[in-house]
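The sequence and structure are shown here for reference.

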Amino acid sequence: MSAEITRRPARLSAALSLFAAALSVSLVNTGASVGTFVAVAGLVLAIEGAHRFRTGQRLLGTVGLLVGVLVATGGAGLAVTSATGQSQLIEAGLGLFGVFCLGLGVLPLRGSGSRGLSKLGCAALLLTVVAGGLFQTADAVALLVACAALVVSWDAAENSITVGEQLGREATTWTVEAAHFGGTTLVGGVAVGAGLVVRDLGTPGLPLHAVAFMLVALVFLTLALHD
Amino acid sequence: MTTPQQTNRWRGVIAVALVVAAAGLLAKRQELLLLSTVGVVFAAYHRAVPMPTPNLSLNRRVDTASPASGDEVEIEVAVTNEGDETLYDCQIVDGVPPALTVTDDPARRGMVLRPGETRTFSYAVEAERGRHAFDDATAIVRDPSGDREVELDVRAADETELDCTIEITKPPRRSQTLDTVGSVAANGTGSGIEFQQTRSYRRGDPVSQIDWKRYAASGELTTVDFREEQAASILVLVDARAIAYRGPPGETHAVDAGASAAAQLTTALLNGRNHVGLAALSAEDCFRAPGAGREHRLRLRKLLSRHSAFAASPTDTDDPVDEQVESYLGRLGEQTQILFVSPLCDDTAVEVAHRFDGHGHAVTVVSPDATANETPGERLAAAERRNRLRALRQVGIPVIDWPLGDPLALAIDAQRGVRT
């Protein structure tokens, strides 16, 4: 019989995850960056308020929930209204949906966090990044950084849920979380660097379908070697 | 478990990278094709990063080893990385004794450990009556990418124990005795130290027992008799059947209380130079014949803290009560007393006491009271238990009713007060 363990996702990783997600969205859709960050802040406030409300701190919880919902709605509205044209509207919508899903995944109203929700959120964010590439609203460097930030965000969300499940929220875990996040961010930086190197290597004259066939051949070669 | 397990955290990252690359190819967008490098780098990362082989040692320090019940005890845990690799993600969960409640700070900590580095954390538990051994701590070590993890038990350098018992000065026994010196007052007279009577000298009395002063004064030869003290052979039998895992919600259950009572009783009885054995009525046989001596004492203590019969939760298997009683009866010496520690949750417990009694073993029952008084069902159980106590007392088996809130010594004294 030991004291109650609050098996909620670890705080630091959850916060870093949401920050990275918002960063990813705002890199793709620069016009909506302020709105997205405000919406994330509102979301965090609202969920924390709801959690406080459920655990007995009624007054503080209600205030947090109301203010949070207002701020989140305002942020989302700002992000959507700042969009010019249909492509940016799609990106803003997908990005907000992804951030909200991720937020509910790592800051659950009840339970120990949801890997499914955070995966859904990250999938929506990936679609945002892909949309950014397709509609050409962002340049290659921004897209690369956004993509790396997205992977970092997803990894931090997973880590936050795992640490929360294993150690609970009361335990001191920030060193472990920071080390993990640092490692992933470093690799993200390396990935961006690698992407830039690959871009500079690319010969403009090479037709894209030749690259496609080469890629398919590479995949088959890898599969053959794997067995 | 010491082989690394895949967490499958990064599974699918290559597939996603390929899908994005395919989308880029179909839409003829170089930027999208580039994005797949991010996926490839992360896939390579989790493959390339080495899984450290953890080699941890743990030291546990308790600020008071024998606290009073209800005291807060602070426990400091120091974890050292004995290996030569840095552990970037090491999570420690200390093996708090199952009966204790952690009150301050969690008994868990995540830490980054460089080779040779020691990190400490502390937490507090509320002491409960009984003797509590700490379990091994559990460590979960992951590689930096979180792709593989290994879970291992870390044993403390020296075994820590919280001893929260009040010493019992006079454990309950009945006056059936062995021919060795102990603390049970025998009815016979002989060469003890407690004066019993003087009588006229009979041929063959030891010279040392002649009252020489009296002879000098009156010329009469008288012999002083002393009360002989003899040792008892006692088997402490704990009722650890699945049904005995009862207790008021949120408190110690009867088997835990029984094991703690057994620990206190064996210690007290051994201190009184009796021969003490230990057995359990449980799914698994647990029997140690009565004996004496330091080694025997340690063996009994180990049995109580490690044997599966006294585990914190019951096993699913049926309890072979009849066979067990039969086998214990066969292994017991003729004059062995039985101290039966049982919450008396069912009639089988009463039958067991009767059977030992019927085979000529003097039985005393120590019954931790695991009943509550809230719902009608609980009140019924309490009434049934009272009936069982009465039934036992009617056939001359002394029963010590032990309310779990009180120290055992108090309950024994109360019972002694009833009898005299």
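## Helix packing in chain A

In this predicted model, H1(A) and H4(A) are roughly antiparallel to each other, because their axes cross at roughly 175 degrees and angles over 145 degrees are classed in that way. The two axes come within 10 Å. On the H1(A) side the contact involves A:Ala14, A:Ser17, A:Leu18, A:Ala21, A:Ala22, A:Val25 and A:Val28. These residues meet A:Glu91, A:Gly95, A:Gly98, A:Val99, A:Leu102, A:Gly103 and A:Val106 of H4(A). Sorted by class, the contact of H1(A) with H4(A) holds nine nonpolar, four polar and one charged residues.

H1(A), which spans residues 11-28, also packs against helix H7 of chain A, residues 174-201. Here the angle is about 30 degrees and the axes are 8 Å apart, which makes H1(A) roughly parallel to H7(A), since angles under 35 degrees count as such. From H1(A), the residues A:Leu12, A:Ser13 and A:Leu16 take part, and they meet A:Trp174, A:Glu177, A:Ala178 and A:Phe181 in H7(A). The contact of H1(A) with H7(A) comprises five nonpolar, one polar and one charged residues.

## Chain A as a whole

Chain A has eight helices and zero strands, and its pattern along the sequence reads α-α-α-α-α-α-α-α. Of its 227 residues, 48% are buried. Among contacts in chain A between residues at least 6 apart in sequence, those that join residues at least 24 apart make up 74%.

One residue of chain A may be considered individually. A:Leu60 belongs to helix H3 of chain A, residues 58-81. A:Glu48 is twelve residues from A:Leu60 in sequence, and their C-alpha atoms are 9.9 Å apart.

## Chain B as a whole

Chain B contains nine helices and 20 strands. Buried residues account for 42% of the 420 residues in chain B. When contacts in chain B between residues at least 6 apart in sequence are considered, 72% join residues at least 24 apart.

H1(B) has 14 residues and spans 20 Å from its first C-alpha to its last, close to the 20 Å expected at 1.5 Å a residue. Its buried residues are B:Val13, B:Ala17, B:Val20, B:Ala21, B:Gly24 and B:Leu25. Seen down the axis of H1(B), they fall within an arc of 140 degrees and so line one face of the helix. In an α-helix there are 3.6 residues a turn, so residues three or four places apart point the same way. B:Ala15 and B:Leu26 are exposed on the face of H1(B) turned away from the buried side. Just after H1(B), B:Lys28 adopts a positive phi of about 55 degrees.

Helix H5 of chain B, residues 294-306, has 13 residues and reaches 18 Å from its first C-alpha to its last, close to the 18 Å expected at 1.5 Å a residue. B:Leu300, B:Leu303 and B:Leu304 are buried in H5(B). Because these residues cover an arc of only 95 degrees around the axis, they are on the same side of H5(B). The cover over the buried residues of H5(B) includes helix H4 (254-271), strand S16 (275-281) and strand S17 (286-291) of chain B. On the other side of H5(B), the exposed residues are B:Arg294, B:Glu295, B:Leu298 and B:Arg306.

## Contact between the chains

How many residues of chain B are in contact with chain A? Chain B contributes 40 residues, which are in contact with 40 residues of chain A. On the side of chain B that touches chain A, the elements giving two or more residues are helix H1 (13-26), helix H2 (30-48), strand S4 (87-95), strand S5 (101-104) and strand S6 (108-113) of chain B. H2(B) gives the most to this side, with ten residues. By class, the residues on the side of chain B that touches chain A are 24 nonpolar, nine polar and seven charged.

Key: Residues are numbered from 1 along each chain as its sequence is written. Chains are lettered from A and ligands numbered from 1 in the order in which they are written. This is a predicted model: local features need pLDDT of at least 70, side-chain atom pairs count only at pLDDT 80 or more; totals for chains, interfaces and linings use all residues. Two residues are in contact if their C-beta atoms, placed from the backbone, lie within 7 Å. Helices (H or I, at least four residues) and strands (E, at least two) are DSSP runs, numbered from the N terminus. Ala, Val, Leu, Ile, Met, Phe, Trp, Tyr, Cys and Pro count as nonpolar, Asp, Glu, Lys and Arg as charged, and the others, Gly among them, as polar. Axes are lines fitted to C-alpha atoms, for helices over the stretch in contact, and angles run from 0 to 180 degrees between N-to-C directions. Angles under 35 degrees count as roughly parallel, over 145 as roughly antiparallel, 65 to 115 as roughly perpendicular and the rest as oblique. The expected span of a helix is 1.5 Å times one less than its number of residues. A residue is buried if 20 or more other C-beta atoms lie within 10 Å of its own, exposed if 12 or fewer, and partly exposed in between; C-beta atoms are placed from the backbone. The arc is that of the directions from the helix axis to the C-beta atoms.
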